[in-house]
Amino acid sequence: MIGILMGSQSDWDVMQHAASQLKAFGVPFEARVISAHRSPDLLVEYIRDAESRGAKAFIAGAGAAAHLAGVVASKTLLPVLGVPMPSKYLQGMDSLLSTVQMPKGIPVATFAIGEAGAANAGLFAVSMLALQDQKLNESLRAFRKNQADAIAATILPSI
């Protein structure tokens, strides 16, 4: 199981792309809105509960100050994949810098801002799980081959 966390309900528009990737590969997940700032006790409780139920990693998306991934990483030894959210005034650069600047010793794997980052975080979680799951590994190989085949089959219109 992968826990998908976001700081606010409005982040779901982006974070659903992580969920879609996990769903496509049959990887169980649960998505929750839990703010690192507004509900820190709930966050710590959720992390402990998810670990006890077999969580393998967390994907955390947050905007602006974007402390969610870092707080999650400080409370678990499981991998944490951070997805910076696009923001109104700084287009997500604030979120990116907040997420990527973790102190030495508390790692967060940080992805691109927005939808591509969320989708890639989902695929990265699949890749991690595929190290120990041969069926998932084969599905991931087929996915990558299909992507490559689609590019190879691309024909540009003539001018």
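D49 is partly exposed, with a relative accessible area of 36% (buried means under 20%, exposed over 50%, partly exposed in between; 1.4 Å probe, protein chains only). The model is predicted, so local features need pLDDT of at least 70 and side-chain atom pairs count only at pLDDT 80 or more, while totals for chains, interfaces and linings use all residues. Residues are numbered from 1 along each chain as its sequence is written, and side-chain values use heavy atoms, with hydrogens and water left out.

The structure holds 3 salt bridges (a side-chain nitrogen of Lys or Arg within 4 Å of a carboxyl oxygen of Asp or Glu). D49 pairs with R53, N to O, at 2.8 Å. R53 also bridges to E30, where the closest N and O atoms are 2.5 Å apart. This second pair links distant parts of the chain. R53 sits in the loop between α2 (40-52) and β3, and E30 in strand β2 (residues 29-33), 23 residues apart. Helices (H or I, at least four residues) and strands (E, at least two) are DSSP runs, numbered from the N terminus. R53 is partly exposed, at 41% relative accessibility.

D149 forms a salt bridge with K145, with 2.7 Å between the closest N and O atoms. Both lie in helix α6, and because they are 4 residues apart, about one helical turn separates them. D149 is partly exposed, at 37% relative accessibility.

The largest nonpolar core has 24 residues (buried Ala, Val, Leu, Ile, Met, Phe, Trp, Tyr and Cys joined through side-chain atoms within 4.5 Å). I4, M15, L22, I59 and V83 have the most contacts inside this core. At least two core residues come from each of β1 (2-6), α1 (12-24), β3 (57-62), β4 (80-84), α5 (115-130) and α6 (134-152). The largest share, 6 residues, is from α5. Beyond its neighbours within four places in sequence, M15 is in contact (heavy atoms within 4.5 Å) with I4, L5, M6, I59, A60, G61, V83, M85 and A118. Another core lies apart, with 19 residues, including A36, A66, A69 and A73.
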